[in-house]
Structures are given as C-alpha cells and as structure tokens.
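Hi everyone, thanks for coming. Let me put the structure up, and then I'll walk you through a few parts of it.

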There are 2 protein chains.
Amino acid sequence: MGRWADDANGRLRAAAMQLYVERGFDNTTVADIAARAGVTARTFFRHFADKREVLFAGSSDLQEALVAALEKAPPDATPMRAVAAALDAAGEILGRHREHARQRQAIINSHADLLERELIKLARLADALADALRRRGLEEPDASLAAEAGLVVLRVAFGRWVGPDDESDAGQARPDHGGAARADVSLKQMMRDDLARLGEVTTER
Amino acid sequence: MGRWADDANGRLRAAAMQLYVERGFDNTTVADIAARAGVTARTFFRHFADKREVLFAGSSDLQEALVAALEKAPPDATPMRAVAAALDAAGEILGRHREHARQRQAIINSHADLLERELIKLARLADALADALRRRGLEEPDASLAAEAGLVVLRVAFGRWVGPDDESDAGQARPDHGGAARADVSLKQMMRDDLARLGEVTTER
DNA sequence: CCTCCTGATGTCACTTGGTGACATGACCAT
DNA sequence: ATGGTCATGTCACCAAGTGACATCAGGAGG
C-alpha cells in the first residue's frame, strides 16, 4: 500500500468521534475532522460517502455476522429460532464495549440526521435477514415479518441497554471493571426476554 | 392572510412531486421547484425544512389520526387490539389513492435520502403509539414492543400493497374505477392478515 | 539502476443545500 | 392615515459533496 502515514481511515474515524463528542455533530465540519486526522477534506470523502457515514463504519461487519449466525442455525429450526440465533450473535458483538456504545448512541440520538442513517442501516440489516430466511425456504410475508420482529427486539432491548441505568439491579454499581462481562450477558438476556415478551404481546387478544 | 398568490405551500408540494417524477430527485434543484411554484428558493425553505421534507407534508396528520384511533379504543382492550384499531385507521387513510401512494413510494424507494426520511417518520409514529399505550397504563418494554410490532405490520403490508401487482387476484384489472374501494379493504385486510401472521411467526418455536 | 505502473493523496473549481439579516409591500385593525 | 404583522424577495455567506487533474511514494520488471 502507499507509504502515506498509515490507516488514514482509522484516524478519520477516531477524529470524527472525538470532535462529535467535543463540539457536537453540526458544530464539526468535515475540514475539522480531516485536519485532525492530518489529511484533506477531499480525502475524507474518498473514505466515507458523507459526514454521517464515518460513524457507521462497522455496520456491514455486524450485518455479515448476523447473517452468518442465522445461516448457521439448523435447517429445521423454526424461523424465530434462527432469528434468535442472529440476535445472540448481535448480543455477543454489541455487548462488548458498553461505554463506547453508550457514547456513540448519545451522539446519534442527539442529531436527527444521524438517527436517519442509523435507521436505514437497521432496515438494511432487516432486509438481509429476510433474504437469509427466504434462502431457507421461508416465504413472504413471513420472512419479512420474522426479520423485522427480530430487529424490533434488537432495537428495543439495545435502547434500554444503553439508556440511563436507573437499574435497581442486584449488581454492584462499580463503573467499569467486570461491567463488560455483566453487560454482555445482560444485553443478550434482555433481547431474549424481549423476544419472548413480543410473542406474548402480539398474541394476547 | 397575505395577498400573495395563495397556497404557496400546496404549489410547492405539487411542483416538487412533478419534478421528482419527471427528472428524479437529485436532478431536481430547490431552485427548480421554487421556480415552477412561482416563488424563490428562500421561500421554499420557509415552508419546508429541506428538500426531502416536501414529500412528507401529510405525515403528521397521519400520526395524529393513528394516535386518535388508538386512544378511542376501549380502555379494557388488549394492547394489540388498540394497535389494530390504529392500523385500521391507517388502512382507511392510506388505502384511498393507491396510485398516488404507488408513485410517491416509487420516488422514495429510488433514493436513499428519501428512504431515510421515511424511516424516521415511521419511527416517530412508533414512538407516538408507544406513548399512547403508556398513557393507557401499559409498561415498558411492552408498550414499545407493541407499537413497533404495529409498525412492522404497517410497513410490510403497505410494501406489498404498493408493490408490483402480480396478483392472481379475483378482481378485474381495470385501472382505477372501483379500484379505490377494493384497494382500501385490501390494504386493511392485508394488515390484519399480517398482524395475525406476525403473532404466529413470533410464537412458533 | 532505471522505468513504468498503480494507488492514495493534494489542489482547485464548481454546484447545491441551507441559513441569517434585512428590505418590501400588502393586508388589517385602530 | 398610521402602524403592525406576515409572507415574500434579495443578498451574502458557509458547509457538504463532486469532478478533473496533478503529484508522489513504492513495487514490479527489465
């Protein structure tokens, strides 16, 4: 690769996160980000389609992991079992780095443009899961409904997980140590609970 | 009100729709729209926050109608019954003007920026429904889950309803006459079917 | 060692979206 | 008529993106 100071992409991502936190999203110009990363604004746009995208760099990795998890589910598993497997994978991946997730989500929630971008990423993820379900032979509209249901659970559980921890939880309130592991099972468990609860709510007549 | 040629807002909406259809969203500048509506670009931005918003003018009306329908549901109805009432209202409103909906959706689906805007509108709608459910005494996460489930059904059913009509349906293929009424019950019925199906899919283990 | 090729970056000019500040002109109430 | 209000026009400006072209490092092959 070129012998330019390496990992311009990573430096841009880091610079963007820092600046979005320091001054907020719309008080940060692309030129600012590029300057902090030691490159030109034009170079920023060669790495990221726009000012928002820099915050969603890892989202395609997440999507691939979820699709892979769904595809690894036994062919005779029910659709929701397969979706649950994907959700477990999501809990595994997202469950690490709770503080990072919290900070990132705070930025996103504070600006409509970023929220829009996040929503379309999740919509694409739902599409990908629906595709995978169809590949297993599930037909419409069930494939879409199952995939979308999975994403509802992901969003709702994740939202509470990164939200204010007014948890009257049995756990200690220590800020970080050991928190990672606890938070991990917690997110995964929250998704499992919410998945079951979604089933109850939608069928209770 | 001012004695400027009236209904600049409506003229801008109409001009935007026309131009987005004629040349596509990104081959249309705000100046173009304003010119066709007989005003200045600056005026466009006094009526609509941005170039996308002009396509979503009626969405707050829709939201209010759905919330009202949900609130009109008997207090002892189950959450999903209340949500179903809101969906019926949605079917009532969206079910008219199928061709308009189809054209509008074609524009939206063809451009990521518009899709993002649509998604956030629907997300806000889900938030509003969840609020209404909480006002009835339903607690989290059930309120969010029920509201989101309702929107899943709305999106999936609506998507098929405006999609390609490769319907091997019993109905005649005449383009519009009588089509409105049939399309109406069709959308509402599709949502009811999908709602039931969502319940089945999520509980089938 | 020299040369050519490639790929990441810089530079520049340009269009477009969007905003703030101020002027204008019609309507309305007094 | 007088002043206030409200929608609009005008102007200047910034920031987001984009296309075209130049540059410069390193690697491959002679």
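Let's start where the two chains meet: 30 residues from chain A and 30 residues from chain B take part in the contact, and two residues count as touching if their C-beta atoms, placed from the backbone, lie within 7 Å. On the chain A side, H5 (79-95), H7 (112-135), H8 (142-162) and H9 (179-203) each give at least two residues. Helices here are DSSP runs of H or I, at least four residues long, numbered from the N terminus. H8(A) has the largest share, with 9 residues. By type, that side of chain A has 15 nonpolar, 5 polar and 10 charged residues. Nonpolar means Ala, Val, Leu, Ile, Met, Phe, Trp, Tyr, Cys and Pro; charged means Asp, Glu, Lys and Arg; the others, Gly among them, are polar.

Quick caveat: this is a predicted model, where local features need pLDDT of at least 70 and side-chain atom pairs pLDDT 80 or more, while totals for chains, interfaces and linings use all residues. Residues are numbered from 1 along each chain as its sequence is written, with chains lettered from A and ligands numbered from 1 in the order in which they are written.

Now over to chain B.

Last stop: B:Arg155, in H8 of chain B. B:Arg155 counts as partly exposed because it has 19 C-beta neighbours inside 10 Å.

Notes:
Buried ≥ 20, exposed ≤ 12 C-beta atoms within 10 Å, placed from the backbone.
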